[in-house]
Amino acid sequence: ALSVRGRTIAVLAGGPDRPYPPSHRRLYEQLLDRGAVISERPPGARARRWGFPARNRLIAALCRATVYVEGTHGSGARHTVEFARQIGQEPLAVPGPVTSPLSEGPNAIIAESSSHAVIDAEGVLDRIFGTDGQPPLPGARQAVRPVPAVELGPAARRVLECIRSGDVVPQAIQASAPDLSSREIAVSLGELELAGAIERDHGGGYRLAGARSSAR
């Protein structure tokens, strides 16, 4: 995008002032000049493993269309697709060779008929704005999309119970629910935020939506 004088946004898993990986500092500086770098983590925060799937929900929410280019069944890209579905998007996918592990994810959602196949940028724009009798993607011509109610999975319900019990940070939730992986907890926190069940606390943790913070 930058090479054709376009604008792009990078969503970081760590603080907005810490390029990740550090070897990408030059790209980071270009983004600051001709795009944006954003994060919900505070300045100085290091990127943690759970932060990557958590930030994927922001990527989905920022986009008019989520395009699944490559990824295995359990990849972070698949998580982004699931977040996109939860907010009413129809994900797009680029088909690839059936012998390639990196095409497993896109090919799967195309085969499930839960995604529209695209092979170039023109196809993406056609799906966003509508052409040749095809309606535009939901939300393509409105600034704000209502978030539909979602049915919470077992992991998300478990995380919600932990928060109700006073475990307000991922580390505390992990201690109370050791059978859940850090990735499951991060994804569940994203689901709960999208469902409107929880919200971020000023102290960096989570609380039930509408609850007053106990921090002083």
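Q: A contact means heavy atoms within 4.5 Å; what share of the contacts in the chain with a separation of 6 or more comes from residues 24 or more positions apart?
A: The model is predicted: local features need pLDDT of at least 70, side-chain atom pairs count only at pLDDT 80 or more, and totals for chains, interfaces and linings use all residues. Residues are numbered from 1 along each chain as its sequence is written, and side-chain values use heavy atoms, leaving out hydrogens and water. Helices (DSSP runs of H or I, at least four residues) and strands (runs of E, at least two) are numbered from the N terminus, and the chain has eight helices and seven strands. Of its contacts with a separation of 6 or more, the share from residues 24 or more positions apart is 60%.

Q: Which strands do the buried residues of α8 pack against?
A: Buried means under 20% relative accessible area, exposed over 50%, and partly exposed in between, with a 1.4 Å probe and protein chains only. In α8 the buried residues include Ile185, Val187, Leu189 and Leu192. They pack against the helices α2, α3, α6 and α7, and against the strands β6 (198-200) and β7 (206-208).

Q: Which element supplies the largest share of the lining of the largest pocket?
A: On a 1 Å grid over the protein atoms alone, a pocket is an open set of points where a 1.4 Å probe fits, with protein on both sides within 12 Å along at least five of seven lines; lining residues have an atom within 4 Å of a point. The largest pocket holds about 520 Å³, and of its 18 lining residues Ile59, Cys63, Ala65, Thr66 and Val67 are the closest to its centre. β1, α2, β3 and α3 each supply at least two lining residues. The largest share, four residues, comes from α2.

Q: Is cysteine 162 buried or exposed?
A: Cysteine 63 has a relative accessible area of 25% and is partly exposed. Cysteine 162, at 7%, counts as buried.

Q: How far is glutamate 199 from alanine 209, C-alpha to C-alpha?
A: Glutamate 199 lies in strand β6 and is partly exposed, at 27% relative accessible area. Glutamate 199 and alanine 209 are ten residues apart in sequence, and their C-alpha separation in space is 5.2 Å.

Conventions: Contact = heavy atoms within 4.5 Å. Points joined across faces, edges and corners; volume = space filled by probe spheres on them.
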